[in-house]
Amino acid sequence: MSKKETSIMKLAIAFAMAFAVVPSAYGMHIMEGYLPAAYCIAWGAVCLPFLVAGFFSIRKSLQKDGRAITILAMSGAFIFVISSLKIPSVTGSCSHMTGTGLGAILFGPSAVSILGLIVLIFQAILLAHGGLTTLGANTFSMAIAGPFLTFGIYKLCRKLNVNKMVSVFLAAMLGDLLTYCVTSLQLALAYPSEIGGIGASAVKFLGVFAPTQLPLAVIEGILTAVIIMTLETYALPELKAVGFSKEV
């Protein structure tokens with residue numbers, strides 16, 4: 001990278017770190033110790049087959065063309081930085097973008113499960129964002145459910161001949177929103193409301209996140225589209241390595 005690009009990257013990381021230290025009672029990353037042990041184990045078990053598939057997916061991509069590692073690493077860094085920017089929501093919670101849409105569109109959702117897991121581990125250890133006991137639940141919501149919807153929406157839009165960048169925007173935005181829906185359901189399953197049960201509890205959690213998450217999802221969709229447009233301009237060989245540039 002040039003000196004200018006290096007300076008911009010350092011500024012982005014510093015900005016992310018500054019916001020990442022904001023305390024929260026709970027957010028899209030479910031905090032350490034918030035879920036009962038049985039739920040932690042169950043969500044971890046659900047994630048296992050997706051992680052195995054992700055490992056093989058990444059290995060296949062790198063064996064096909066080693067240059068793909070550049071875009072893969074960038075996708076992982078994007079997830080780390082953008083999901084560390086926590087925006088305070090109501091009642092002491094927080095919201096943030098996920099960043100997983102970019103990797104899901106370029107590499108497929110399975111690969112993103114590994115990228116998301118790595119990011120979540122680093123954030124739990126270095127930033128106290130999320131937790132190790134809740135790693136399975138956080139991985140499923142942010143690195144599995146969201147990316148799979150993103151990938152599905154993107155492919156559907158392309159089959160319907162929707163403009164490529166519009167497809168990227170819609171896919172990344174909806175994938176972000178699904179992540180929060182899944183997190184709300186996870187919290188509701190663990191802590192159902194005394195009146196109304198799981199459904200009422202899920203609505204309550206969704207209501208907590210919605211005021212800040214809806215605009216953040218739109219911003220993530222725009223950012224993802226801008227990044228892909230930039231890659232098509234300045235990193236065409238790397239995009240060819242992952243097969244994305246073949247699309248019209």
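Predicted model: local features only at pLDDT ≥ 70, side-chain atom pairs only at ≥ 80, totals over all residues.
pLDDT is the predictor's confidence in each residue, on a scale from 0 to 100. The protein chain as a whole averages a pLDDT of 81, and 83% of the residues score at least 70. Among the elements, the lowest mean pLDDT, 49, belongs to helix H1 (residues 3-20), whereas helix H6 (residues 135-159) has the highest, 93.

**Overall fold**

Nine helices and two strands make up the secondary structure of the protein chain. Their order along the sequence is α-α-α-β-β-α-α-α-α-α-α. Of the 248 residues, 48% count as buried. Among contacts with a separation of 6 or more, 77% join residues 24 or more positions apart.

In soluble globular proteins, nonpolar side chains tend to be buried together. The largest nonpolar core in this model has 52 residues, and those with the most contacts inside it are Leu35, Ile105, Leu106, Phe107, Phe140, Ile228 and Phe244. Elements that give two or more residues to this core include H7, H8 and the helices listed below.

| Helix contributing to the core | Residues |
|---|---|
| H2 | 37-64 |
| H3 | 68-83 |
| H4 | 100-107 |
| H5 | 109-126 |
| H9 | 236-242 |

H6 also belongs to this group, and H6 gives the most to the core, with nine residues. Phe140 illustrates the packing: apart from its neighbours within four places in sequence, Phe140 is in contact with Trp43, Val46, Cys47, Phe50, Ala145, Val182 and Gln186.

Helix H7 has 27 residues and reaches 39 Å from its first C-alpha to its last, close to the 39 Å expected at 1.5 Å a residue. At the start of H7, a side-chain oxygen of Asn163 comes to within 2.9 Å of the backbone nitrogen of Met165.

Which residues meet in a salt bridge through their side chains? They are Glu232 and Lys164, with an N to O distance of 2.8 Å. The count for the model comes to one salt bridge. Glu232 lies in helix H8 (residues 197-234) and Lys164 in helix H7 (residues 164-190), so the pair ties together parts that are 68 residues apart in sequence. Lys164 is buried, with a relative accessible area of 13%, because buried means under 20%. Glu232, at 27% relative accessibility, counts as partly exposed.

How values were computed: Residues numbered from 1 in each chain as written. Heavy atoms only, no water. Salt bridge = Lys/Arg side-chain N within 4 Å of Asp/Glu carboxyl O. Helix = DSSP H or I, 4+ residues; strand = E, 2+ residues; numbered from the N terminus. Buried < 20%, exposed > 50% of the residue type's maximum accessible area, 1.4 Å probe, protein only. Expected span 1.5 Å × (residues − 1). Polar contact = N/O pair within 3.5 Å; in protein donor to acceptor, adjacent residues only side chain to side chain. Core = buried A, V, L, I, M, F, W, Y, C linked by side-chain atoms within 4.5 Å. Contact = heavy atoms within 4.5 Å.
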